[in-house]
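Please consider the structure displayed below. The paragraphs that follow proceed from its strands to the contacts between its side chains.

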Amino acid sequence: MRIDVITIFPELFDAPLRTSLLGKAVAAGRLQIEVHDLREHGFGKHRSVDDEPYGGGAGMVMRPEPIFAAVEEVAADPTHVVLLSPRGRRLDHSVVTELAGKEQLVLICGRYEGVDERVSTHLADDEISIGDYVMAGGELPALVLIEAVSRYVPGVLGNAESLGAESHAQGSLEYPQYTRPADFRGWKVPEVLLSGDHAAVEDWRREEAERATRERRPDLL
Ligand code: JCZ
């Protein structure tokens with residue numbers, strides 16, 4: 001998979017894309033991620049990419065021309081152009097796996113008060129929100145999307161079986177996990193996990209996952 005990111009803050013992507021499993025996949029070429037500076041398509045000496053909103057109001061809006069030019073320069077065939085926005089469809093497990101099946105993603109990161117509506121209506125194939133809260137721009141939402149999606153790109157996580165077993169893939173929450181010590185400040189690890197009885201452990205985990213889902217996220221059931 002190839003992911004192209006359009007942003008006025010390319011440096012925000014440096015550390016996250018060099019770190020951990022994602023960084024390894026990028027370094028190994030299992031995942032190609034290119035971050036592009038939108039200002040290369042900006043206007044004038046200051047490479048301006050924003051202007052005042054028609055109709056008045058506070059703040060600035062991103063102009064369409066630099067965004068169209070940046071996307072048209074990198075778009076392959078086929079591509080899937082995504083605008084990160086609080087008005088998009090909510091990112092969840094099913095959207096993540098859907099996006100993981102694309103050959104190319106082009107992620108448009110806005111800033112300021114938002115992006116000219118013609119980007120949504122005439123350029124983007126998809127508009128995605130990472131949750132019902134407002135960020136200062138689309139860069140961190142894009143990183144959330146990239147990290148979630150890249151785990152489902154073959155060869156990136158390195159453990160294909162563990163993905164299908166994950167909680168949200170199963171429509172439930174995860175069972176509780178423990179490691180050493182068996183007794184920490186008097187808080188003991190559940191006896192069944194120390195028993196060596198694999199069937200009993202499996203039963204306990206299924207029950208605890210169901211209980212957590214019922215108590216914390218009944219909407220998932
Ligand atoms: C551009 N503010 C792009 C997306 N889920 C979510 N929350 N906030 C955003 C977002 C906020 C933005 C821009 C300016 C995305």
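Strand β5, helix α4 and strand β6 make a right-handed β-α-β unit. Helices (H or I, at least four residues) and strands (E, at least two) are DSSP runs, numbered from the N terminus. A crossover is called right-handed if, with the strands pointing away from the viewer, the path from the first strand over the helix to the second runs clockwise. In this unit, β5 covers residues 80-90 and β6 residues 104-108, while α4 covers residues 93-100. The model is a predicted one, in which local features need pLDDT of at least 70 and side-chain atom pairs count only at pLDDT 80 or more, whereas totals for chains, interfaces and linings use all residues. Residues are numbered from 1 along each chain as its sequence is written, and side-chain values use heavy atoms, with hydrogens and water left out.

The two strands of the unit also pair with each other: β5 and β6 run in the parallel sense over four bridges. Two strands are said to pair if DSSP finds at least two bridges between them. Histidine 80 has leucine 105 in β6 as its bridge partner. Strand β5 has a further parallel pairing, over five bridges, with strand β7 (residues 126-129).

Strand β6 in turn pairs with strand β1 in the parallel sense, over five bridges. Within this pairing, valine 5 stands opposite leucine 107 of β6. Strand β1, which spans residues 2-7, is also joined to strand β2 (residues 32-37) by six bridges, again in the parallel sense. The bridge partner of arginine 2 in β2 is glutamine 32.

How far is β1 enclosed by the rest of the structure? Five of its six residues are buried, so β1 is largely enclosed. Buried means under 20% relative accessible area, exposed means over 50%, and partly exposed lies in between (1.4 Å probe, protein chains only). Threonine 7, which lies in β1, counts as buried because its relative accessibility is 0%. Its side chain makes a polar contact with the side chain of glutamate 139, at 2.6 Å. A polar contact is a pair of N or O atoms within 3.5 Å; within protein, one must be able to donate a hydrogen and the other to accept it, and residues adjacent in sequence count only if both atoms are side-chain atoms.

Glutamate 139 also takes part in a salt bridge with arginine 111 (2.8 Å, N to O). Arginine 111 lies in the loop between β6 and α5 (117-122) and glutamate 139 in helix α6, so the pair ties together parts that are 28 residues apart in sequence. Both arginine 111 and glutamate 139 are buried. A salt bridge is defined as a side-chain nitrogen of Lys or Arg within 4 Å of a carboxyl oxygen of Asp or Glu.

The structure holds 15 salt bridges. Arginine 89 and aspartate 126 form one of them, their closest N and O atoms being 2.8 Å apart. This pair links distant parts of the chain, with arginine 89 in β5 and aspartate 126 in β7, 37 residues apart. Arginine 89 is partly exposed, at a relative accessible area of 32%, whereas aspartate 126 is buried, at 9%.

Another salt bridge joins glutamate 210 and arginine 214, whose closest N and O atoms are 3.6 Å apart. Because these residues are four apart in helix α9 (residues 198-216), about one helical turn separates them. Glutamate 210 counts as partly exposed at 46% relative accessibility, and arginine 214 is likewise partly exposed at 45%. Elsewhere, Asp51, Arg63 and Glu65 are linked in a network of salt bridges.

What remains is the surface. Aspartate 77, in the loop between α3 (64-74) and β5, counts as exposed because its relative accessibility is 77%. Aspartate 77 and glutamine 104 are 27 residues apart in sequence, and 8.3 Å separates them in space, C-alpha to C-alpha. Methionine 135, in the loop between β7 and α6 (139-150), is partly exposed at 35% relative accessibility.
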